[in-house]
Amino acid sequence: MKYYDKGDTLPADYRKALIHLLSFQADSEYAGAQRVGENLCFAPRPEEAYRLAKKTMEEYGHAFYLWTVLEDLGIDVKPRLAELRDHPENPDPARVNVINGFRRSYWRDQFQCWEDVAMMSCVATPGAVIFLGQYTKCSYLPWARASERIAREEVGHMGFGLWAVKRAIEFGGSQAWERLQRRVPKFLAMGMGMYGRPSLAGETQSANFERYYDMGLKILRPEACQAQYLELVRKRIQEAGLEWVDDVQPDYDQRMGYAMDDQELDSRLAAE
Ligand SMILES: [Fe+2]
């Protein structure tokens, strides 16, 4: 695998793919920070509010680190921030690349109480830790370095989730446990949806995935992400004192807009 660092001349195809993937993550991190910040309205105690505010700040940081990498590639990121800032309700997909999961229309249905907030970080965030963690080994070194920092903070967010679930049980007893346990399938589905569809036997991933994989811009196949996520999340659920639920189907709706569809992706790459 060939590695590139800041200022290196990049092959045209590689540069296009890199900018597409980076802008998806950067724009989505910012939208994610906006959504996490909105969840402060559910914080039940001062310490919960404080810790969620810290997580919100770190999510804005992830957008900041990645937009800095994009700026070094000659991309003007100011219009991207302006679009998200001025149209948080529904940013224009022609101007920013935001995964469906961080659009307000999707998010509102998923988050209606503090138990949802706690379970997201405890059960779904491990999916993001695995999926985004792969970029620490990617072939574009400035992205790999930013990802190291992001990965450390995301591990902290998993810790926040475990803490929040345990505290909810500590203060709310068996009723709180019931409310949390009822939410295990929903957030498992969300976590499983974060890394995309594993290919079935005899099938191959999309042409775009193979291209990214060859370029070193994707390191893990969805099958590998799934195996690592399931191992990690089983431990987290156990540590939280909750019970595993079998046969949960992944929620891929949250990835809509992630453009894994070849036709959609080709048209986006042509536009950038
Ligand atoms: Fe993040």
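This is a predicted model: local features need pLDDT of at least 70, side-chain atom pairs count only at pLDDT 80 or more; totals for chains, interfaces and linings use all residues.
View 1. The ligands are E29, E59 and E154, each through OE, and H62 through ND1. Their distances to the iron ion run from 2.0 to 2.4 Å. The arrangement is irregular because the four donor atoms subtend angles of 88 to 160°, whereas a tetrahedral site requires all angles to lie between 85 and 135 degrees. For reference, the ideal angle for four tetrahedral donors is 109.5 degrees.

**View 2. Burial of E29 and E154.** E29 has a relative accessible area of 6% and is therefore buried, the cut-off being under 20%. E154 is buried as well, with a relative accessible area of 6%.

**View 3. Packing of helix α5 against helix α6.** The axes of α5 (residues 114-133) and α6 (residues 141-182) come within 7 Å and cross at roughly 145°. The crossing of α5 past α6 is left-handed. On the α5 side the contact is formed by W114, E115, A118, M119, S121, C122, T125, P126 and V129. From α6, the contributing residues include the iron ligand E154, together with V155, H157, M158, F160, G161, L162, A164, V165, R179 and L180. By class, the contact comprises 13 nonpolar, four polar and three charged residues.

Technical notes: Residues are numbered from 1 along each chain as its sequence is written. Side-chain values use heavy atoms; hydrogens and water are left out. Axes are lines fitted to C-alpha atoms, for helices over the stretch in contact, and angles run from 0 to 180 degrees between N-to-C directions. Helices (H or I, at least four residues) and strands (E, at least two) are DSSP runs, numbered from the N terminus. A crossing is left-handed if the near helix is turned anticlockwise from the far one by less than a right angle, and right-handed if clockwise. Contact means heavy atoms within 4.5 Å. Ala, Val, Leu, Ile, Met, Phe, Trp, Tyr, Cys and Pro count as nonpolar, Asp, Glu, Lys and Arg as charged, and the others, Gly among them, as polar. Donors are N, O and S atoms within 2.8 Å of the metal (3.2 Å for Na, K and Ca); water is not among the atoms, so sites may look incomplete. Four donors count as tetrahedral if all angles lie between 85 and 135 degrees; four count as square planar and six as octahedral if opposite donors are over 155 degrees apart and all others between 65 and 115; anything else is irregular. Buried means under 20% relative accessible area, exposed over 50%, partly exposed in between (1.4 Å probe, protein chains only).
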